[in-house]
Amino acid sequence: MAKAIHSMIRVLDEQRSLAFYEKAFGLQVVERLAFEGFTLVYLGNRDSEFELELTINHDRTEPYVLGDGYGHLAFSVDDLEAEQARFDSLGLSPTPLKELKLEGKPPARFFFVQDPDGYKIEVLQRGGRYK
């Protein structure tokens with residue numbers, strides 16, 4: 001059986017991205033692999049084996065074009081309102097809370113935040129399928 005182990009995004013400024021992911025989600029550097037021309041930085045925390053891989057291309061000077069295909073990372077939290085307030089107090093500009101309803105039931109409550117490179121990150125209330 002296959003096991004999801006990481007997702008990769010390309011970032012322009014390593015230090016700015018590291019600061020954001022630590023401040024927002026408590027992610028720490030698990031491993032840093034510096035190659036000629038690029039560096040891979042794996043971020044994780046004690047709550048999950050899944051990691052976020054940051055790829056930093058050394059010669060890149062312009063922001064990446066993210067395109068119009070909508071995609072995002074997602075994190076679940078125990079207290080969505082408290083996390084949104086914390087993000088706001090840190091100046092991370094979270095979106096307003098939203099709630100999806102399916103057949104009259106709310107399967108998801110969430111907000112979004114963007115990282116320094118413009119990647120969208122969904123923050124969901126933990127529960128149900130969002131463990």
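Strands E7 and E8 run antiparallel and are joined by five bridges. Helices (H or I, at least four residues) and strands (E, at least two) are DSSP runs, numbered from the N terminus. Two strands count as paired if DSSP finds at least two bridges between them. Within this pair, Val 113 stands opposite Ile 121 in E8.

A word on the model comes next. This is a predicted model, where local features need pLDDT of at least 70, side-chain atom pairs count only at pLDDT 80 or more, and totals for chains, interfaces and linings use all residues. Residues are numbered from 1 along each chain as its sequence is written, and side-chain values use heavy atoms, with hydrogens and water left out.

Now step back to the sheet around E7 and E8. Four strands form an open sheet in the order E5-E8-E7-E6. The pairing is mixed. E5 and E6 stand at the edges, each with a single partner strand, so one side of each has no neighbour in the sheet. Neighbouring strands here are turned by 30 degrees against each other on average, direction ignored.

There is another sheet to follow. This open sheet also has four strands, in the order E1-E4-E3-E2, and its pairing is mixed. Which strands stand at the edges? They are E1 (6–10) and E2 (28–35); each has a single partner strand, so one side of each is left without a neighbour in the sheet. From one strand to the next, the twist averages 20 degrees.

Look at the pairs inside this sheet. E2 and E3 run antiparallel, joined by seven bridges. They form a hairpin with two residues between them. Gly 37 sits in the turn, with a positive phi of about 100 degrees. E3 and E4 also run antiparallel, and seven bridges join them. Follow Leu 40 across the sheet. Leu 40 in E3 is the bridge partner of Leu 33. Leu 40 also stands opposite Thr 55 in E4.

Next come the helices. H1 lies across E5, E7 and E8, running at about 10 degrees to E8. H2 lies across E5, E7 and E8 as well, at about 15 degrees to E7. Axes are lines fitted to C-alpha atoms, for helices over the stretch in contact, and angles run from 0 to 180 degrees between N-to-C directions. How do the helices meet? H1 (residues 14–25) and H2 (residues 80–89) pack at an angle of about 145 degrees, with their axes 10 Å apart. Lys 23, Ala 24 and Phe 25 of H1 make the contact with Glu 83, Arg 86 and Phe 87 of H2. Contact means heavy atoms within 4.5 Å. The residues of this contact divide into three nonpolar, no polar and three charged. Here Ala, Val, Leu, Ile, Met, Phe, Trp, Tyr, Cys and Pro count as nonpolar, Asp, Glu, Lys and Arg as charged, and the others, Gly among them, as polar.

What lies inside? The largest nonpolar core has 23 residues. Such a core is a set of buried Ala, Val, Leu, Ile, Met, Phe, Trp, Tyr and Cys residues joined through side-chain atoms within 4.5 Å. Buried means under 20% relative accessible area, exposed over 50%, and partly exposed in between (1.4 Å probe, protein chains only). Phe 20, Tyr 21, Phe 25, Leu 43, Leu 52, Leu 54 and Phe 87 have the most contacts inside the core. H1, E3 (38–45), E4 (48–57), E5 (73–77), H2, E7 (105–114) and E8 (120–125) each supply at least two of its residues. H1 gives the largest share, five residues. Domain 1 (1–63) and domain 2 (70–130) each provide at least three residues of this core.

Zoom in on Leu 52. Leaving aside neighbours within four places in sequence, Leu 52 touches Ser 7, Ile 9, Tyr 21, Leu 27, Val 41, Tyr 42, Leu 43 and Leu 73.

The domains deserve a look of their own. Their bounds come from an automatic or database domain assignment. The centres of domain 1 and domain 2, taken over C-alpha atoms, are 20 Å apart. In total, 14 residues of domain 1 are in contact with 15 residues of domain 2.

Finish with two loop residues. Ser 93 lies in the loop between H2 and E6 (98–102). Its phi is near 55 degrees, a positive value in a residue other than glycine. Ser 93 is exposed, with a relative accessible area of 57%. Glu 103 lies in the loop between E6 and E7. Phi of Glu 103 is near 55 degrees, again positive in a residue other than glycine. Glu 103 is exposed, with a relative accessible area of 78%.
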